[in-house]
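Thanks for making the time this morning.

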Amino acid sequence: NRHNNSLILFDRFSLQNANMVVFATSGAGKSYAVKLEVLRSLMVGTDVIIIDPEMEYSHLSDAVGGTYVNISLASESKVNPFDLPRPVGEQYSAEDIIRSAVITLKGLIRIMLGKFTAQEDSLIDRALLETYAKKDILPTSDLTTVEPPIMQDLLDVLDGMQGAEDLVIKLQKYTTGTFSGLFNSPTNVNMNNGLVIFSVRDLEDELRPMAIYVLVNYIWNIVRSSRKRRMLVIDEAWWLMTHEDSAKFLFALVKRCRKYYLGVTTITQDVNDFLVSPYGKAIVTNSALQLLLR
């Protein structure tokens, strides 16, 4: 019964910022259940961020005055994968934040280009550090005032490095080629709303795992920059399970998010695709609530 979902979810109020997984076949009522949970969370003052792969939440956004952001190659809305968190009064040093950003970006580049050799790994590592350094983003920098680089800045650095010719050719697709409209601009998204929804419906299947990875990282940066009660909903989360780096990143987020007053809800109708990954299984284990419909 669709209405029984509301009874099941009612207890989540006693588990503020609890992680939840939702497994459901198409038409089983998962959208109804999750939208109800989103509305209830908004009513008690929890900010909600949703990654929407099939434009299922646009009417909800209209109903409550949310911000609906379309991410596509032709969209004016951009999210820069080189963005950094701007923590105020945090225990993390600028050096820690830069190192974490480099690791995350290497994961993105692996998704973009496929596996690379140990030599290419070393080149990308050095190039990313130099790309940040050229923007005066150093272990001694004040990260609240810096301007992050973009993908073209990385390409310029690699272009001057011996042995990086193949990497430059492969990355040009994302700076001046077919996919240049996605990852090569400063972020211009407005997050000042209780409900923010990112739609990736208009992206090609090849680009969806990359875009969702970048969006989740961007949201994680926002979460670490200012602590407040938030809920992140990732619909069709199996997209992140298609690559080891994005699956590992999501697992790390689910493990750490509670300390930052964030609860993560992962939803999928492709249960086998999700659970075949060891990280998918671990996400289920680290979720206090597990909702199975049909």
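Before I name any partners, a word on terms: I call two strands paired if DSSP finds at least two bridges between them. Please also keep in mind throughout that this is a predicted model.

With that in hand, let me start in E4, where the bridge partner of Thr67 is Val196. That pair belongs to the contact between E3 and E4, two strands that run parallel and are joined by four bridges. On another pairing of E4, strand E2, residues 47–52, meets E4, residues 195–199, over five bridges, again in the parallel sense. Within that pairing Ile50 stands opposite Ile197, and Ile51 stands opposite Phe198.

Stepping back to the whole sheet, seven strands make up an open arrangement in the order E3-E4-E2-E5-E6-E1-E7, with parallel pairing. The edges are taken by strand E3, residues 67–70, and strand E7, residues 289–293, and because each has a single partner strand, one side of each is left without a neighbour in the sheet. Direction ignored, neighbouring strands of this sheet are turned by 15° against each other on average.

Helix H8, residues 208–225, packs on this sheet, touching E2, E4, strand E5 (230–234) and strand E6 (262–268), and the direction of H8 makes about 170° with that of E2.

That brings me to the helices, and here the general point is that two packed helices are described by the angle between their axes and the distance between the axes. For helix H4, residues 94–113, and H8, the angle is about 165° and the axes are 10 Å apart. Angles over 145 degrees count as roughly antiparallel, and H4 and H8 are therefore roughly antiparallel to each other. Their crossing is right-handed. On the H4 side the contact is made by Ser100, Thr104, Gly107, Leu108, Ile111 and Met112, and on the H8 side by Met210, Tyr213, Val214, Asn217 and Arg224. Those residues divide into six nonpolar, four polar and one charged.

By class, the residues of the contact of H10 with H12 are seven nonpolar, no polar and two charged.

Finally, the two backbone details. Met55, which is not a glycine, has a positive phi of about 55°, and Met55 is found in the loop between E2 and helix H3, residues 58–64. With a relative accessible area of 36%, Met55 is partly exposed. Arg294, also a residue other than glycine, has a positive phi near 50° and lies in the segment after E7. Arg294 counts as exposed, at 73% relative accessibility.

Conventions: Residues are numbered from 1 along each chain as its sequence is written. This is a predicted model: local features need pLDDT of at least 70, side-chain atom pairs count only at pLDDT 80 or more; totals for chains, interfaces and linings use all residues. Side-chain values use heavy atoms; hydrogens and water are left out. Axes are lines fitted to C-alpha atoms, for helices over the stretch in contact, and angles run from 0 to 180 degrees between N-to-C directions. Contact means heavy atoms within 4.5 Å. Angles under 35 degrees count as roughly parallel, over 145 as roughly antiparallel, 65 to 115 as roughly perpendicular and the rest as oblique. A crossing is left-handed if the near helix is turned anticlockwise from the far one by less than a right angle, and right-handed if clockwise. Ala, Val, Leu, Ile, Met, Phe, Trp, Tyr, Cys and Pro count as nonpolar, Asp, Glu, Lys and Arg as charged, and the others, Gly among them, as polar. Buried means under 20% relative accessible area, exposed over 50%, partly exposed in between (1.4 Å probe, protein chains only).
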